[in-house]
Amino acid sequence: MGIIAWIIIGLLAGVIAKALLPGKDPGGIIITMLIGIAGGLLGGWLGKVIFKVDSIDGFFDLSTWIAAIAGSVILLVLYRVITGNRHSRRA
């Protein structure tokens, strides 16, 4: 898969992760998109390392999407933990 396909998958995975974990996040849509792209890459890497599967077979392969969404959810939770603590101290 090309870099453009990874960016598209990452953007959509970020939107899906945000839908699965609704709530107010500091950063807005740009941060959500970046988290999605990084989460897609993280999910593909974790799929290879932990489960010994090639989770980046193709754009329309279910394992690619599951890995990208899982990686995006992991990064979104980490982002909320890190920025949530900082954000709550300011208020």
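Glycine 40 counts as buried because its relative accessibility is 0%, where buried denotes under 20% relative accessible area, exposed over 50%, and partly exposed the range in between (1.4 Å probe, protein chains only). The model is predicted, and local features therefore require pLDDT of at least 70 and side-chain atom pairs pLDDT 80 or more, whereas totals for chains, interfaces and linings use all residues. Residues are numbered from 1 along each chain as its sequence is written, and side-chain values use heavy atoms, with hydrogens and water left out.

The secondary structure of the chain consists of three helices and zero strands, and from the N terminus on the elements run α-α-α. Helices (H or I, at least four residues) and strands (E, at least two) are DSSP runs, numbered from the N terminus. Of the 91 residues of the chain, 31% are buried. Among contacts in the chain with a separation of 6 or more, 71% are accounted for by residues 24 or more positions apart, a contact being defined by heavy atoms within 4.5 Å.

Helix H2 spans residues 28-51 and contains 24 residues. Its first and last C-alpha atoms are 33 Å apart, close to the 34 Å expected at 1.5 Å a residue; the expected span is 1.5 Å times one less than the number of residues. The buried residues of H2 include Gly36, Gly39, Gly43, Gly44 and Gly47, together with Thr32 and Ile35. Glycine 40 also lies in helix H2. With neighbours within four places in sequence left aside, glycine 40 is in contact with Trp6, Ala68 and Ser72. Lysine 52 follows H2 and has a positive phi, near 55°.

Serine 72, a residue of helix H3, is buried, as its relative accessible area is 1%. Beyond neighbours within four places in sequence, the contacts of serine 72 are Ala13, Gly14, Ala17, Ile35, Gly36, Gly39 and Gly40.

The largest nonpolar core comprises six residues, namely Trp6, Ile9, Ala13, Trp65, Ala68 and Ile69. Such a core is a set of buried Ala, Val, Leu, Ile, Met, Phe, Trp, Tyr and Cys residues joined through side-chain atoms within 4.5 Å. Two or more residues of this core are given by each of helix H1 (3-20) and helix H3 (62-90). With neighbours within four places in sequence excluded, isoleucine 69 is in contact with Ala13, Ile16 and Leu20.

Leucine 20, located in helix H1, is exposed because its relative accessibility is 55%. Leucine 20 touches Ile69 and Val73, residues up to four places away in sequence not being counted. The C-alpha atoms of leucine 20 and isoleucine 69 are 9.6 Å apart in space, although these residues are 49 apart in sequence. Lysine 18 is likewise found in H1, and its relative accessible area of 24% makes it partly exposed. Apart from neighbours within four places in sequence, lysine 18 is in contact with Gly23, Asp25, Thr32, Leu76 and Arg80. Lysine 18 and methionine 33 are 15 residues apart in sequence, with a C-alpha to C-alpha distance of 9.9 Å.

A nonpolar patch on the surface is formed by Ile74, Val77, Leu78, Val81 and Ile82, with about 410 Å² of accessible area together. Patches are made of residues with over 30% relative accessible area and no salt bridge, like charges being joined within 9 Å and nonpolar side chains (Val, Leu, Ile, Met, Phe, Trp, Tyr) within 5 Å; a salt bridge places a side-chain nitrogen of Lys or Arg within 4 Å of a carboxyl oxygen of Asp or Glu. Valine 81 lies in helix H3 and is partly exposed, at 48% relative accessibility.

Technical notes: Accessible areas come from the Shrake-Rupley method with a 1.4 Å probe; for residues, only the protein chains shown count as cover.
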